[in-house]
Amino acid sequence: KGGSSGPGSYDKLAEYKAEVLNRFVADHQINSVIEFGCGDGNQLRLAQYPHYIGYDISPIALARCRELFHDDPTKRFHEMKAYAGEQAELTLSLDVIYHLVEDETFDRYMRQLFAASTRYVIIYSSNKDEQDDVVVAHVRHRRFTPWVEQHQPQWKLIQHIPNRYSYADDPVEGSFADFYIYERSA
């Protein structure tokens with residue numbers, strides 16, 4: 001596996017994601033964040049999270065994160081296989097779901113994503129079953145919202161934020177991902 005994040009972790013898409021996430025963390029007084037699929041840390045450089053744990057499958061990406069944030073005691077990084085049930089108020093899945101091409105991997109990831117949160121889950125992904133005309137290796141779009149309704153009924157979708165830089169408007173620099181914000185029911 002490579003160790004770098006995709007184009008969505010750079011430039012205007014990175015700034016847009018950071019704007020939405022930092023506002024959410026501040027508005028909801030979030031103290032702890034876990035991200036499953038933290039990538040190379042470029043997106044995280046723009047984040048304002050009090051306490052953060054990033055998980056990834058790539059040892060190269062994790063090494064970059066540890067190097068980038070070696071002086072930051074509020075951030076820790078671990079391999080996905082080392083996840084041992086830690087929880088946070090907010091869990092994040094940014095640009096990951098459409099890379100989970102196998103159903104079993106998708107199911108396991110989603111269960112872990114929701115189980116790790118005590119308050120909110122934010123997913124930044126496409127939410128469609130149709131594949132794009134240009135087939136890219138290791139990309140499988142899925143409608144994940146019905147999965148959440150069926151398998152995680154205690155979680156409610158409280159906000160859908162369409163992307164400011166949509167792929168439909170700009171196929172070169174746009175994204176097919178939107179924000180989906182879930183809250184645990186009382």
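Hi everyone. One term before we start: when I say that something covers or touches a residue, I mean contact, with heavy atoms within 4.5 Å. And please keep in mind that this is a predicted model.

Let's begin with helix 3, residues 103-115. Its 13 residues reach 18 Å from the first C-alpha to the last, close to the 18 Å expected at 1.5 Å a residue. Buried along this helix are Phe 106, Tyr 109, Met 110, Gln 112, Leu 113 and Phe 114. So what covers them? The cover includes strand 1 (32-36), strand 4 (88-94), strand 5 (117-125), strand 6 (155-161) and strand 7 (178-184), and also helix 4 (145-151).

Seven strands form an open sheet, in the order 3-2-1-4-5-7-6, with mixed pairing. Strand 3 (75-79) and strand 6 stand at the edges; each has a single partner strand, so one side of each is left without a neighbour in the sheet. From one strand to the next, the twist averages 20 degrees. Helix 2, residues 59-68, packs on this sheet and touches strand 2 and strand 3, its direction making about 165 degrees with that of strand 3. Helix 3 packs on the sheet as well, and its direction makes about 135 degrees with that of strand 5.

Let me zoom in on strand 1. Five of its five residues are buried. In a regular strand the side chains alternate between the two faces of the sheet. Here, Ser 32, Ile 34 and Phe 36 point one way, while Val 33 and Glu 35 point the other way. Which strands does strand 1 run parallel to? Five bridges join it to strand 2, residues 51-56, and three bridges join it to strand 4. On the strand 2 side, Phe 36 stands opposite Tyr 55; on the strand 4 side, Ile 34 has Thr 91 as its bridge partner. Strand 4 in turn pairs with strand 5 in the parallel sense, over six bridges, and there Ser 93 stands opposite Ile 123.

Is Thr 145 buried or exposed? Its relative accessible area is 8%, and buried means under 20%, so Thr 145 counts as buried. Its side chain makes a polar contact with the side chain of Asn 127, at 3.0 Å. Leaving aside neighbours within four places in sequence, Thr 145 is in contact with Asn 127, Tyr 180 and Tyr 182.

Note on methods. Residues numbered from 1 in each chain as written. Predicted model: local features only at pLDDT ≥ 70, side-chain atom pairs only at ≥ 80, totals over all residues. Heavy atoms only, no water. Helix = DSSP H or I, 4+ residues; strand = E, 2+ residues; numbered from the N terminus. Expected span 1.5 Å × (residues − 1). Buried < 20%, exposed > 50% of the residue type's maximum accessible area, 1.4 Å probe, protein only. Polar contact = N/O pair within 3.5 Å; in protein donor to acceptor, adjacent residues only side chain to side chain. Pairing = 2+ DSSP bridges. Axes fitted to C-alpha atoms, helices over the stretch in contact; angles between N-to-C directions.
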